[in-house]
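Me: Please take a close look at one part of this model for me. I would like to start from the annotated sites and then see what lies around the ligand.

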Amino acid sequence: MNQQMDGENMQADFRRIAVLGAGSWGTTFAKVLGDAALARGDHAAHVTVWARRAEAAEEINGEHTNVRYLPDIALPRNVSATVDAAEALQGAALVILAIPAQSLREQLREVSSAVEPGAVVVSLMKGLERGTDARMSEVIMQELAIAPEHLAVVSGPNLALEIAREEPTASVVAAADESVATAVAQAASAPYFRPYTNTDVAGVELGGIVKNVIALAVGICDGMGMGDNTKASVITRGLAETTRLALSLGGRLETMAGLSGLGDLVATCSSPLSRNRTAGRLLGEGRTRDQVAEAMTQTAEGVKSAPAVLHLAAQRGIEMPITEAVVAVLEGQITPEQMGARLLGRDLKSERPAKETH
Ligand SMILES: NC(=O)C1=CN([C@@H]2O[C@H](COP(=O)(O)OP(=O)(O)OC[C@H]3O[C@@H](n4cnc5c(N)ncnc54)[C@H](O)[C@@H]3O)[C@@H](O)[C@H]2O)C=CC1
Ligand SMILES: O=C(CO)COP(=O)(O)O
């Protein structure tokens, strides 16, 4: 993309949009983009969703629904679907990725030659790659060989079904280049969806990744029948450990207090719609990780990302006791009951050590 372009010209360029992934968030975000175009009177814009399953693509094209993920939701007419990724990507200046984190790299390798040169690529994902500890923006830059200024991430308190129901929601679009963040925010600005911009890509991404692990911890508490004091304690100390990790990787403190930090943490840890909190609840009720995986029909990124988060933190010398306890429960090393004892038995310390304040 011509870097001289301002946000308005980029938006004109965003008339053909590809969304890869027809799960709950990919389909919902396609609806947001379609509704956003209609709201600004742009009847030429079109969103093409790439779906793996032919039935999903046929349903989106024929019925304008995707009931498996979004029951009772009608998609706008400017959203269609295909099982051919190259067809979705043809001419698309804006490419949105909503594929489970552990599959992203493999999937990008299959489609990279079809991504238009200069396209802006947006990650909706909230996971860390196992084996490399790479954030999704890093995987995208490696596999698509795009420059950092052509990349954006979207994250915030964004439970897909609530947004698909058009319940008012705010979010964050982060990009190293503010004008790219602005252009993506304009393209995704629907009557019920308000994106703010940020240039702290690492901080925004890390907030989304780690809150899934903290939501597992809150779910475990729920499954054991714990009340709100316990859960608020886990949420707040969860934010403290998320912040430590994010700051060590160049994230900013203000980001952690914003929509993609505190906002997403609160939404996910409070909502019965959260897959991560649900997975945690099942663990807290005594199921094993394999039994939880069998029971879940949608992606709960925290289950697979938690060990990578812990590994990344260890590399940076960052203490993440809640994440460590969640990993130990997932791996069957401790029971949910032992998790509480382990967290409460730690050495006493200041709530706000000096090194966290800068
Ligand atoms: N659902 C939500 O409320 C939100 C989800 N996210 C994030 O969005 C990402 C996607 O999540 P969802 O759409 O919710 O997941 P989902 O489980 O609803 O759907 C995942 C989609 O990816 C496809 N898929 C699965 N394995 C694949 C593979 N190997 N290659 C290609 N496609 C594959 C599935 O067929 C499905 O269409 C995750 O990182 C999640 O953390 C972020 C914000 C909100
Ligand atoms: O990221 C989300 C809300 O912001 C969705 O959370 P779950 O993946 O736990 O459902």
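Reply:

**Annotated sites and the ligand shell**

UniProt, in an unreviewed entry, records the feature "binding site" at Lys 126, Gly 156, Lys 211, Asp 264, Ser 274, Arg 275 and Asn 276. Such positions follow the numbering used here, feature names are shortened, and annotations may be inferred rather than shown by experiment. This is a predicted model: local features need pLDDT of at least 70, side-chain atom pairs count only at pLDDT 80 or more, and totals for chains, interfaces and linings use all residues. Residues are numbered from 1 along each chain as its sequence is written, while chains are lettered from A and ligands numbered from 1 in the order in which they are written.

Take Lys 211. Lys 211 sits in helix 9 (residues 201-223). Helices are DSSP runs of H or I, at least four residues, numbered from the N terminus. Lys 211 counts as buried because 32 other C-beta atoms lie within 10 Å. The cut-off for buried is 20 or more, with C-beta atoms placed from the backbone. Beyond four places in sequence, Lys 211 touches Thr 242, Asp 264, Leu 265 and Thr 268. Contact means C-beta atoms, placed from the backbone, within 7 Å.

Now Asn 276. Asn 276 belongs to helix 13 (residues 275-284). Asn 276 is buried too, with 28 C-beta neighbours inside 10 Å. Its contacts beyond four places in sequence include Asn 212, Thr 268 and Glu 301.

Next, ligand 1. Around ligand 1 are 24 residues, of which Gly 23, Ser 103, Met 125, Ala 160 and Thr 299 come nearest. A residue is near if its C-beta atom, placed from the backbone, lies within 6 Å. Helix 2 (residues 24-39) gives the most to this shell, three residues.

Notes:
Helices (H or I, at least four residues) and strands (E, at least two) are DSSP runs, numbered from the N terminus. A residue is buried if 20 or more other C-beta atoms lie within 10 Å of its own, exposed if 12 or fewer, and partly exposed in between; C-beta atoms are placed from the backbone. Two residues are in contact if their C-beta atoms, placed from the backbone, lie within 7 Å.
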